[in-house]
Amino acid sequence: MTLLAPARPTVLPSAPPRRKRNKQWIGALYAAPTAFVVGMFFVVPLGLVVWMSLHHWPLLGAPTLNAPENYAGLGDDELLRTAVWFTLKYTVVVTVLLFALSFGLALMVQHRRRGVGLLRTAFFLPAAVGFASASLLFLGLLSDEIGPVNDLLAGDAYVSWTSGSPNTALGSAVVLVLWRFAGFNMLILLTGLQAIPLDVYEAARLDGATRFQIFRRITVPLMRPTIALVLTLMITGSLLAFDQFWILTRGGPDNSTTSLVMVIYREAFIELDLGSAAAISVVLLGVLVVFNAIQLGVLRRRSQ
Amino acid sequence: MNRLLSGTVAATLLLALGACGSDESPAATGEAADSGATLTMWTRAATESVSKAYAAAYNATHKNQVQVTAYPNEEYPAKLASAAGAKALPDLFASDVVFAPQYASQGLWLDITDKFNALPVKDKVAPAHVRNGTWNKKNYAVPHTIDMSVMLYNKDLFTKAGLDPEKPPKTLTEFAAAARAVDKLGGDINGTYFGGNCGGCNVFTLWPSVWAAGGDVMNADGTASTIDSKEMAEVFALYRKLYDEGVAAPASKDEAGPTWLGALQSGKIGIAPAPSAWLGIIEEKAAFKVGIAPISGINGGESTFVGGDSIGIGATSKHAAQAWDFLAWTLGDEAQVEVVAKGKGVPTRTDLASNKYSSADPRVVTINNLMGKGKTPYAKNFNATYNDPQSPWNTAFRGALFGDAQKSLGDGATALTASLKK
């Protein structure tokens, strides 16, 4: 080790310009695969969607420019209006419940104790099931024909949990999302909790702080970056909700659980109106960018 | 290695040239049309068994080989749309006959007007189906399968309820009376069943009663809705009453389609409108006898929804001549009798309604004879207007059956017309 050490300082400061340029090239080369993937699968499609939203875009044949018709038409779409309200409502409900549940679970399994490993695994396990598969699983469980839930909760009476009424349909979807995502969010929150140094807690306890005071004055403030991250993921995920409603409720009953992305899907693949579908996507993207900018702004300010 | 590669490339190019050559001459000889091409064909799950039966019989006697891929019913339109967007449509694809005008208008199928008109049997091919495959007076698709709506009833339950199992109801009012009689048996037996949350189901089962009464649901071009007519309102009122009285199974309200067949297979439903193709499927497993009757209007008459699938040649296909060879063969006597009729299906040719297989089962003759009395509705924007779960039709009929009927039909007609005009 000592033999090799002196060699380094002689090289680094006096690196010739050619070598430096080479290094830059190598750096660019390393970044190239990622740049290519991002460009090919993110920037190009994004540009295409914006371009598409300005055109009447048939499945086959040449598109014709019709801007701003696709955007102007959005205002008259009643289904879209229902879907916007529903998606916002769903986002609020899911974010509040999912956050409370995930944080609760994280606090529960925070410290090493007997059986905690088992609980952590059990809570996280649903995250290993694909979301579409999980939705199908719930569809089966909640079905009056083949599922056990109805027999347990309603006995012989007929109840449709997925399309009986707007509230039961939304409730079923929310329970599914909680079951599927609570463990994953618990894991992120858990890493945040464990990053708080133990000495801080110890000092607080020596100062005579109660458990609630410790939670409010130490845990929550030091968890802010993690909480902001988790909330960002939850809100973005909820605004883009599709699978759970597509499979579980098919947007019903009476369009009461039709999410925004389902409207985009309908415009594109049922109406075959790719231009309008692209226009809704662009607007939704704009909303998401604004949401995330606000959240990340808050996150940055707090962590400074 | 290099030589092998260039050899393969040259061979592929030659093959491609050969294929192009036969494309340019639509009146290609039988030999060129049956050149040993592999034809890809897509279909929806509901039609899979018939499509595969056609393909197997064709493959056995031809050099061309048809490979069938089936997709789940609900996902199929999206699959077709994305394939069209990627210019990667299969050589042949079938679609629900009511969606055919949309695909024809979007140019997803090749124009087959000349080829179709050269067929000797062209005037005997199910006319309503042919019309749905037409856009701007050009033919794009031919019938692939035919499925009609009929009343299916449980003969055993009819007997138990004191009804004559050989005398099915002749009017919709008699149908309601029979359902009520069976429902009185009590227990988990119900009089009737319908898809109360399924747009496609109700189009198929309720409209024939409107047609049988002399009414209609749309104008001829499929651009204006008339569901606020007296005939439609009466049909809704009758089914609504059956649901309110508990004669229709409670699950009818939420039935979105997937468990519809299961409900009728269970043997606990007296009489219900359903696809004729289910006759064989229900009988296969059921321990009860199934009767069949035409769907009637409130005071009589009979009609049916001539549904099923249309099929055409994918617009991006490189084997158009070979694909047409297959389509022309499916419309021939051999395919219609030995594949379709033998499998208890309805022939797509009017002149083959009675054949050596149908005469064995009088119920099949009843079904086949209905074709002339039925209709296939024509509308370009059919899927988005009626079948899709978020369609205005879904909102309208749910209102008419379970909500404010008068308002739903009035508002519904306006919303449907707006959607049809898109």
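Predicted model: local features only at pLDDT ≥ 70, side-chain atom pairs only at ≥ 80, totals over all residues.
Local features need pLDDT of at least 70 and side-chain atom pairs count only at pLDDT 80 or more, while totals for chains, interfaces and linings use all residues. Residues are numbered from 1 along each chain as its sequence is written, and chains are lettered from A and ligands numbered from 1 in the order in which they are written.

**View 1. Confidence along chain A.** The pLDDT, which is the predictor's confidence in each residue on a scale from 0 to 100, has a mean of 87 in chain A, where 93% of the residues reach 70 or more. Confidence in this chain is highest in helix H4 (residues 78–108) of chain A, at a mean of 95, and lowest in helix H1 (residues 7–11) of chain A, at 46; helices (H or I, at least four residues) and strands (E, at least two) are DSSP runs numbered from the N terminus. Residues 1–12 of chain A have pLDDT below 50, and this stretch has zero contacts in the model beyond near neighbours in sequence, a contact being two residues whose C-beta atoms, placed from the backbone, lie within 7 Å.

View 2. An unreviewed UniProt entry lists residues 28–54, 90–109, 121–142, 226–248 and 268–294 of chain A as "transmembrane region"; positions are given in the numbering used here, feature names are shortened, and annotations may be inferred rather than shown by experiment. In the model, residues 226–248 of chain A are 87% helix and 0% strand, with end C-alpha atoms 31 Å apart, and residues 268–294 of chain A are 89% helix and 0% strand, with end C-alpha atoms 30 Å apart.

**View 3. The two domains of chain A.** Domain 1 of chain A covers 16–65 and domain 2 of chain A covers 78–303, with bounds that come from an automatic or database domain assignment. Their C-alpha centres lie 32 Å apart, and the contact takes eight residues from domain 1 and seven residues from domain 2. On the domain 1 side, helix H2 (17–52) and strand E1 (55–56) of chain A each give two or more residues, and H2(A) supplies the largest share, three residues. This side divides into five nonpolar, three polar and no charged residues, where Ala, Val, Leu, Ile, Met, Phe, Trp, Tyr, Cys and Pro count as nonpolar, Asp, Glu, Lys and Arg as charged, and the others, Gly among them, as polar.

**View 4. The contact between chains A and B.** Here 23 residues of chain A are in contact with 25 residues of chain B. Helix H12 (residues 260–270) of chain A gives the most to the chain A side, with three residues, and that side has nine nonpolar, eight polar and six charged residues.

**View 5. The helix pair H18 and H19 of chain B.** Helix H18 (residues 392–402) of chain B and helix H19 (residues 405–420) of chain B pack at an angle of about 170 degrees, with their axes 8 Å apart; axes are lines fitted to C-alpha atoms, for helices over the stretch in contact, and angles run from 0 to 180 degrees between N-to-C directions. H18(B) is therefore roughly antiparallel to H19(B), a term for angles over 145 degrees. Residues making the contact include B:Trp393 and B:Gly399 of H18(B) and B:Leu409 and B:Gly412 of H19(B), and the contact residues divide into eight nonpolar, five polar and no charged.

Technical notes: Parallel < 35°, antiparallel > 145°, perpendicular 65-115°, else oblique.
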